[in-house]
Amino acid sequence: MLELRSVDAGYGTFQALFGINLDVRAGEAVGVIGPNGAGKTTLMRVISGLIRPTKGTISMEGRDVVATAAHRIVDLGIAHVPENRRLFPRLTVDDNLKMGAYMPGARAKYSERLEFVFDLFPRMKERRSQMAGTLSGGEQQMCAIGRALMSDPKLLLLDEPSAGLAPVVVQQVFELVKRIRSGGLTVLIVEQNVQQVLKVVDRAYLLEAGTIRASGTSEEMLSTDTIKQAYLGV
Amino acid sequence: MQAFLDTFDIFLLEAVVNGILLGGVLALLALGLNLIFGVIDVTWICYAELVMIGMYGMYYMVQVFGLPYWAAAPIAILLVAALGALLHYLVIEPLLTAPPINQLLATGGVLFILQSFATVAFGIDFRNLGIRLPVLAIGDMHFSYSRLLAFVAALLGMLAIYFFMKRTYTGTAIRAVAQDRQIMSLMGVDTKRIYLITSALGGALAGLAACLLVLQYDVHPFVGLSFGPITFLICVLGGLGNFVGGFIAAFVFAQIISLGGLYSDLEWGYVLAFAFFIVMMFIRPAGLLARRS
């Protein structure tokens, strides 16, 4: 479904990603793990068009992502839940969700999608007329994921969904990811919480200093010595 | 003594009502400027000059080409809306990432260009529509219909903007851009297009103000100076970019001008208003409704 081939990217003269090759197949959940500053967020941003690769190709279901205008990439079926959620704090939950359904294709399905999101997060229905900035951290994450789901995406990019949340809430968020998956949605998730994310995904990539150091199924990754020592503390 | 009090109260009431009527038009002007500042984060120093161009548009359509007022007004609104979009496209967009002082100087330059253009093209004569609306007398109080019309139309214009911003996808996107412009492309929003629409809306509000002001004031190339500074003070007092604050501040200023003018000349009303502004800047430098962070 999603294919990255020898992608380089960075900010100005600073290069953050070096020759990334990455595949996500339809129906899969794939994780990207790695330390702070490894380029995980940059990887997500380059896929959703927030920054553009300096080299390499990205394709989504055979369509060229790099040649697509940034605001049209969501039409290819890619929805990005950015780092720190980035809700519109002084818009209501309803308006935040409405922004997720901005594209003409999504507008047509608005009420159907809203029902889907409220089914998934009944809490959002209770809070719909509240300003997003007044929600708790966990609720904000729900709202951010809900906003992304409003566009009826095929591929959901999740950037550190557990960041800044209490342990109990982290647990809930990963449960959620499982539920979203079971609906047939393809998921690419970036996480520092390696132990948790490997329970949810089918495969994972290890990203270090802007290059992919290892990849494999969750079981393979769990049994790799470097990952055990560096990320699981075993 | 009783007779003196009666007259006094009637004058006071008349001044208060006139203040409210003035507040409506000032609030309309402030809304346009706040919209541009809140969303695009630039200040159109030349905002009142767009109003001036709109007033000339009305003058030429009504006096020279003989169009009825009601037909000319929508054309003038569209004309100034197009001018707003053009201003954004030609001047603001190339400077979006430039330092704020450069943007300020650029729109300041546009102010002088528009003033000079008007001087050359239209001359320095004072011109008016030649439309005299009747005066409404209630008891001993007199209110001009042109002010009543301006007030009602300004409120309707603001109401239309309110519903546009609340109900439509584009309006919601305009409010969202004001809060986080970087992630707008993730929503599928073309920020450039939203800026252009916002600029056209700001222009349309200036055009509506022009249609209403031209009924009360003569137009000349420097007429913008009568509305520009006061509009800025209102926006700053309300908190730049804060729509509700601007609305309230417009009525506060209008009352000060109107009541201040009651006790002496109208000019003293303006002096009081500006003095009030300076004092408020010491007390609440971020504006009346500053967001506490």
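Visitor: How many bridges join strand β9 of chain A to β10(A)?

Guide: Strands of a sheet pair through backbone hydrogen bonds, either parallel or antiparallel. Here, β9 (residues 203–208) of chain A and β10(A) run antiparallel and are joined by 6 bridges. Strands count as paired if DSSP finds at least two bridges between them; strands (E, at least two residues) and helices (H or I, at least four) are DSSP runs numbered from the N terminus. The bridge partner of L207(A) in β10(A) is I212(A). This is a predicted model, in which local features need pLDDT of at least 70 and side-chain atom pairs pLDDT 80 or more, while totals for chains, interfaces and linings use all residues. Residues are numbered from 1 along each chain as its sequence is written, with chains lettered from A and ligands numbered from 1 in the order written.

Visitor: What is the order of the strands in the open sheet?

Guide: The 6 strands of chain A follow the order β6-β7-β8-β3-β9-β10, with mixed pairing. β6 (78–81) and β10 (211–217) of chain A each have a single partner strand, so one side of each lacks a neighbour in the sheet.

Visitor: How many residues does each chain bring to the contact?

Guide: Residues are in contact if their C-beta atoms, placed from the backbone, lie within 7 Å. Chain A gives 22 residues and chain B gives 14. On the side of chain A, helix α2 (residues 93–100) supplies the largest share, 4 residues.

Definitions and conventions: Contact = placed C-beta atoms within 7 Å.
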